[in-house]
Each structure stands twice: as structure tokens, then as C-alpha cells.
Amino acid sequence: MPDQFQHEIATAFNLKGRGLIILTSCSHRGVVNAMRQAQAVSGIDKVHAVIGGFHLAPYPTDYLRETVAALKEANPTYVVPLHCSGEAFYELAKAEMPEKLVRAYTGTRLVFSGAAS
């Protein structure tokens with residue numbers, strides 16, 4: 001289902017020795033699209049973490065499975081779905097990549113450190 005939301009914002013940081021940390025807003029254009037765009041413009045393939053609202057709550061299970069498969073293929077160290085990601089996505093991701101999934105809530109503090117020089 002096409003989404004005509006044209007003004008998506010995401011931010012990416014290169015964590016020295018670890019890879020990109022990608023912060024999405026609501027991912028109306030797709031969390032995988034945001035991740036791939038960050039990789040393309042930075043020239044960095046390794047994704048350390050993708051964090052944010054993934055806007056998956058309204059989508060059918062097949063679409064959620066495709067998104068989980070694309071995230072697994074990208075192989076981030078951490079996936080941190082927030083508010084609009086939806087419980088169905090969270091449960092699928094937990095089943096497919098439990099070691100990567102981090103549950104976060106309001107007030108959760110995430111601390112990432114770069115590799116030692």
C-alpha cells in the first residue's frame with residue numbers, strides 16, 4: 001500500500017567501530033527505506049542499531065514479515081521498535097531475532113559506546 005507521506009525525517013550517527021545508529025521518526029516511508037538511505041548517504045553498510053517508530057501497527061502480517069526479513073538481512077546489532085511499531089511487529093521480531101530486539105518505553109535510556117581505539 002503506497003504511503004504518500006513525503007516529508008520523513010531520520011537521523012543517523014556513525015558510532016566509531018560499531019556502525020550506524022539510525023533514529024527514525026514514525027517511518028511513514030518505511031523503516032527499511034530509512035535504514036537503506038542512511039547506508040547509502042553515509043557509505044557505511046554496518047548498522048549497529050535502528051531505533052524509532054516503525055509505523056507498522058496498521059499493516060498486515062505479510063508486510064510485517066517482509067520488514068522483519070529485511071531487518072534480519074541488514075543484520076543490525078540492535079532493533080529498538082517504539083510507539084507506532086505495533087505489538088504484532090514486536091512479537092514477530094521477537095520470534096525471529098530475539099537477541100537483537102530491545103523493548104523500550106518512555107524513559108528508557110540507551111547507551112552505546114564506540115570501539116576502543
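User: Are Phe54 and Phe89 buried or exposed?

Analyst: The model is predicted; local features need pLDDT of at least 70, side-chain atom pairs count only at pLDDT 80 or more, and totals for chains, interfaces and linings use all residues. Residues are numbered from 1 along each chain as its sequence is written, and side-chain values use heavy atoms, with hydrogens and water left out. Relative accessible area under 20% counts as buried, over 50% as exposed and in between as partly exposed (1.4 Å probe, protein chains only). By this criterion, both Phe54 and Phe89 are buried.

User: What kind of aromatic pair do Phe54 and Phe89 form?

Analyst: Rings of Phe, Tyr and Trp (its six-membered ring) pair if their centres lie within 6.5 Å; planes under 30 degrees apart are stacked, over 60 edge-to-face, and the rest tilted. The centres of Phe54 and Phe89 are 5.7 Å apart, with 80° between the planes. The pair is therefore, by the definition, of the class for angles over 60: Phe54 and Phe89 are edge-to-face.

User: How many residues apart are Phe54 and Phe89, which the pair links?

Analyst: Helices (H or I, at least four residues) and strands (E, at least two) are DSSP runs, numbered from the N terminus. Phe54 lies in the loop between strand 3 and helix 2, whereas Phe89 belongs to helix 3. The pair links distant parts of the chain, 35 residues apart.

User: Within what arc do the buried residues of helix 3 fall?

Analyst: The buried residues of helix 3 are Phe89, Tyr90, Leu92 and Ala93. They line one face of the helix, because their directions, seen down its axis, fall within an arc of 165°.

User: Which charged residue sits over the ring of Tyr90?

Analyst: A charge sits over a ring if NZ of Lys or CZ of Arg is within 6 Å of the ring centre and within 35 degrees of the ring normal. At Tyr90, the charged end lies 4.0 Å from the ring centre, and the residue is Arg103.

Methods: Arc of directions from axis to C-beta.
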